[in-house]
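Welcome! Open your viewer, get ready to select a few stretches, and let us walk through them together.

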Amino acid sequence: GKMAAHPPKTKILISANERLQSLKEAFEKKYGESPLFYARAPGRVNLIGEHIDYCGYAVLPMAIEQSILAAVTVNDETVIYLFFYRDFTVSSEDIKIDRNNPQWYYYFLCGVKGIQEHLGGDPLSGIKCVVDGSIPASSGLSSSSALVCCAALLTMEANHKSLNKVALAEISTKCERYIGTEGGGMDQSISFLAEEGTAKLIEFHPLRASDVRLPDGAVFVISNCCVEMNKAATSHFNIRVVECRIATKMLAKARGLDWARLLKLSEVQASLGASLEEMLRLVAEVLHPEPYSREEVCRVLGITAEQLSTDLLSPNTQHVTQFKLYQRARHVYGEAARVLRFKSVCDEAPSAGNAVQRLGDLMKQSHASCRDLYECSCPELDRLVEICLQSGAVGSRLTGAGWGGCAVSMVPTDRVEAFLTSVRELYYTPDPHRAALEKQSLFVSKPGGGAMVTAEL
Ligand code: ADP
Ligand code: NG1
Ligand code: MG
């Protein structure tokens, strides 16, 4: 089948591609030799299904055209020479990732380390590498995972090994966690499994992807609110992961399940054999809207403060005193249901007159849930989503982890030009910082292809 396929390897005329050509020149200037091959891994935009991948639920992203691209040569030393914004050199026999200091090269090293461990820990070939990134960083378009996936793929290629896309996605998901964020796998999965022209429903356990035909007559537009949020340098992301983990335990315990074993909200649903609607009712019955203190969590679960710290909290969430379990669990089960509805509208009636409207409504509900229940938006992003809706989008929502970064809007094709003009005038032009970033911050995006290796023809 398709998913057993390996990432494509092509040969192209480098001089025919401006970005590859200038990367090639930068490489030659830096290292005095020509690249042996190139690896590319795309970023993504998630159309719906936010903060539910790490709870075990399906998500619906598509790859974007923007990517991490690297030029590579291989040598007999055990040294990794990297250049992105600056040089970084490290022995391939001593890769350490400092999660307290999430620099770009640690994401790269996550990918190298993931492959090294998969190959049994043997020493890897030395490489020289120049990296180029076109994905706006810390903006919810998954620049971090594109970097990890690109590094994993080029490490395979440099060592004359190959793996299928699913295996590469799983390794990349696991190894990006070395940076500290406990993500769920959406980003790495779409970076490898994407195919041009189609969005994908990504399901987990086991990981699989299926095509989603988007409705005719509308396009997706990405707009960046120009507030950056670095997910590994802050604890917002992991606090949500931890809240979901605690909510899992509380719900499972209340229903007499083996709660110590369950880690994800989807596992509670599966154990109960309940529908998502029933899970929403269970949340309302078992959990209260007031935030839970550490003491209450410990009392209800019958665990010590020590066990809470070591078993449930991550290293960067040790300071957290309050957990909004009811709100987070409601978001997750509600959002999981919206993903399934979005998929069935696309399957049943992609060209029906009301398909675009129905999908737009789901996107609006998703944003409201992210903003109000999951609290992963920010004032600028909320304002941008409002402006997008005012400017002719049928649906608009934050995409990616949030707390800054991008919105994705669904816009009828015949209204795109008017939409862009209006968003430009209302959000970007009035503010010099935003105006300077507008070119890379507001663009139409079509479903792009997945990660690949290329060499000179
Ligand atoms: P996102 O994945 O939403 O883009 P993250 O906070 O997860 O945001 O990851 C951002 C990190 O990825 C940056 O701090 C940097 O280390 C790395 N990165 C990836 N691409 C770039 C780039 N083009 N410029 C700067 N940093 C980048
Ligand atoms: P971004 O915004 O790309 O860093 C993160 C997670 C995803 C997912 C989304 C929210 C990682 C690598 N990525 O994405 O797994 O949980 O947030 O839907 O942790
Ligand atoms: Mg990221």
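You are looking at a predicted model, in which local features need pLDDT of at least 70 and side-chain atom pairs count only at pLDDT 80 or more, while totals for chains, interfaces and linings use all residues. Residues are numbered from 1 along each chain as its sequence is written, chains are lettered from A and ligands numbered from 1 in the order in which they are written, and side-chain values use heavy atoms, leaving out hydrogens and water.

**Stop one: residues 25-73.** Select this span, which is 53% strand and 14% helix, with its end C-alpha atoms 14 Å apart. UniProt, in an unreviewed entry, lists it as "domain: Galactokinase N-terminal"; UniProt positions follow the numbering used here, feature names are shortened, and annotations may be inferred rather than shown by experiment.

**Stop two: S92.** Look in the loop between β5 (87-91) and α2 (104-118) to find S92. Is S92 buried or exposed? Its relative accessibility is 1%, so S92 counts as buried (buried is under 20% relative accessible area, exposed over 50%, partly exposed in between, with a 1.4 Å probe and protein chains only). Leaving aside residues up to four places away in sequence, S92 touches T78, V79, I80, Q116 and L124; contact means heavy atoms within 4.5 Å.

**Stop three: α3 and α5.** Now select helix α3 (residues 143-158) and helix α5 (residues 186-193), which pack at about 55° with axes 9 Å apart. Axes are lines fitted to C-alpha atoms, for helices over the stretch in contact, and angles run from 0 to 180 degrees between N-to-C directions. The two helices are therefore oblique to each other (under 35 degrees is roughly parallel, over 145 roughly antiparallel, 65 to 115 roughly perpendicular, the rest oblique). Show S145, C149 and L153 of α3 beside D187, Q188, S191 and F192 of α5 to see the contact.

**Stop four: α7 and α8.** Move on to helix α7 (residues 265-272) and helix α8 (residues 276-286), packed at about 110° with axes 11 Å apart. That makes α7 roughly perpendicular to α8. Here V268, Q269 and L272 in α7 meet L276, M279 and L282 in α8.

**Last stop: α9.** Which residues of helix α9 (residues 294-301) are buried? They are R294, E296, V297, C298 and L301. Their cover includes α6 (236-254), β10 (292-293), α10 (305-312) and β11 (322-323). Finish at G302, which follows α9 and has a positive phi near 65°.

Methods
Helices (H or I, at least four residues) and strands (E, at least two) are DSSP runs, numbered from the N terminus.
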